[in-house]
Amino acid sequence: MPTKDYYDILGVSRDASGDEIKRAYRTLARKHHPDVSHDKSDAEHRFKEINEAYEVLSDPNKRAQYDRFGTTGNGAGAGAGDFGFGPGSFGDIFDMFFGNVRSAAQPRAAGPQRGSDLRYDLEVGLEEAFTGATREISFNHLAQCEICRGSGAQPGTLATPCDRCSGSGVMRTARQTPLGQIVTQSTCTKCGGEGHVIEHPCQACVGRGRREIERHLTVKVPAGVDDGSRIRIAGNGEAGIRSGPPGDLYVYLTIKPHAVFRREGLDTYVDVPVSFTQAALGAALSVPSLEGDVAVTLAPGTQTGTTMRLRGRGMPSVRGSQRGDHHVTVHVLVPTKLNKRQRELLEEYGNAGGDAVDDRSFFERVKDAFRPD
Ligand SMILES: [Zn+2]
Ligand SMILES: [Zn+2]
C-alpha cells in the first residue's frame, strides 16, 4: 500500500514547524469538516485524512518515525484507513466546532426502560393440541422487587439527586489542547447516568429494583395449535427498569410426535391394518381418530394402501370453525399362521380359481415390454 504523504495532505513543507502544522491543520479541518464542506461526498474522506496527518505530524515521536520509515507503525498512520470516530479523535473536533448543537447525541439521564421479553418452550401432546389445554408453567425471571417496589431504595428512604452531575446524569469535562478548549461529555461515573444516588439501597434487591423470582403461570393452549405456534402473554416478561413497562412472555409450542396419528396442517393420518378376508369381503370397521373411534365401511375388494378420507374429522383451526380431514389408509395383512382348518379352506379357495391373479393389464405391459421390435 503506498504511503500517504502527510506533509502534502496538510500542505506544509518537510521542515515545517509545529506551529505551522497546527495552523495548516486548523484551516483545513474547518474547511473540510463534513458538516460545513460543500462537497459532501469527499469531505468525510478528506477530513479523516487531515486528522490522520495531523495526528502523526503533531507528535514529535510519530513524526520522526514517519520521516524515517514512512509509517508510524502503530496504526495511526500509513493509510490504515479506519481512523476512528471515537471520543478521542473525531468526537473532540466535533465538540470544538459545534458545542451544544449536537443535542440529539448527547448522553442524558437514563430514562425508563422496557423489560426484556422472555421465551418459554412448551411441548404438548397432539391430543392437547386437538382439544386445547391448560398448562401450569414455572420459570425464573427478573420481577420488580416487591420490597422497594422497583425504586431500589430501602422502604422509607428516597433516592437523592446526584451531586456530581446535578441530577443530569452527564458530566462535562473541559481540557486545553493545541486547538483550544475541548469540552467532552460523558455518562456520570457516580450515578451511572441515573441522575440520582441511592444512599440506602433496598436489602432485598441490593438497590437494583428487580429480583429474580420463580413465577408460576397458567397457560391456555388453544385448540388447533401446531409446531411453532406462539402464545404471547403480555406483561409477563421481565420487569421494566426505572418504572418502565414489563416485557412480554412468549410461549413457543412444539407438538410431541404421536404413536398412532400423523398430522400435516389441519389434516390427520392413520394407518389401519385389516385382514385379507375383511378386504376381500368388505367389513364394518371402527377406526381411531383424535375424537375417538369412528365407524367406517370397508367396501368389498378394497386393495391394500387404499385411503379413505373422513371429511371434517381432522384438527380444528385456531381461528374460525374450519376442520381438517382424517385420512385412514388400510393395510391388508397376509395371514402368517394358519391352523389346519384355515389352511384347508384356503387351499380349496385356491383350487376353486382363487390362485388366478386378475390383473390383465399388468401382464399385457410385461408382454409389451419384452416384445422384440
Ligand atoms: Zn428492592
Ligand atoms: Zn451523577
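Me: Before the metal site, what counts as a donor here?
Reply: Donors are N, O and S atoms within 2.8 Å of the metal. The model is a predicted one.

Me: Which residues coordinate the zinc ion (ligand 2)?
Reply: The zinc ion (ligand 2) is held by the SG atoms of C162, C165, C188 and C191, at 2.2 to 2.3 Å. Along the chain, these donors show the spacing C-x2-C-x22-C-x2-C.

Me: And what do C165 and C191 tie together?
Reply: C165 sits in the loop between β3 (160–161) and β4 (170–177), and C191 in the loop between β5 (180–187) and β6 (196–197), so the pair links parts that are 26 residues apart in sequence.

Me: Is the arrangement tetrahedral or irregular, and why?
Reply: The arrangement is tetrahedral because the four donor atoms subtend angles of 102 to 116° around the zinc ion (ligand 2), and the criterion is that all angles lie between 85 and 135 degrees.

Me: Are C165 and C191 buried or exposed?
Reply: C165 is buried, at 5% relative accessible area. C191 also counts as buried, with a relative accessibility of 8%.

Me: Changing topic: how many residues does the largest nonpolar core have?
Reply: The largest nonpolar core has 36 residues, and those with the most contacts inside it are I137, V221, L249, V251, L253 and V287. Strand β9 (residues 249–255) supplies the largest share of this core, four residues.

Me: What does L253 touch?
Reply: Leaving aside residues up to four places away in sequence, L253 touches L122, V124, V221, V225, D226, D227, G228, S229 and I231.

Me: Which residues does the second core include?
Reply: That separate core of 19 residues includes I21, A24, F47 and L57.

Conventions. Residues are numbered from 1 along each chain as its sequence is written. Chains are lettered from A and ligands numbered from 1 in the order in which they are written. This is a predicted model: local features need pLDDT of at least 70, side-chain atom pairs count only at pLDDT 80 or more; totals for chains, interfaces and linings use all residues. Side-chain values use heavy atoms; hydrogens and water are left out. A nonpolar core is a set of buried Ala, Val, Leu, Ile, Met, Phe, Trp, Tyr and Cys residues joined through side-chain atoms within 4.5 Å. Buried means under 20% relative accessible area, exposed over 50%, partly exposed in between (1.4 Å probe, protein chains only). Helices (H or I, at least four residues) and strands (E, at least two) are DSSP runs, numbered from the N terminus. Contact means heavy atoms within 4.5 Å. Donors are N, O and S atoms within 2.8 Å of the metal (3.2 Å for Na, K and Ca); water is not among the atoms, so sites may look incomplete. Four donors count as tetrahedral if all angles lie between 85 and 135 degrees; four count as square planar and six as octahedral if opposite donors are over 155 degrees apart and all others between 65 and 115; anything else is irregular.
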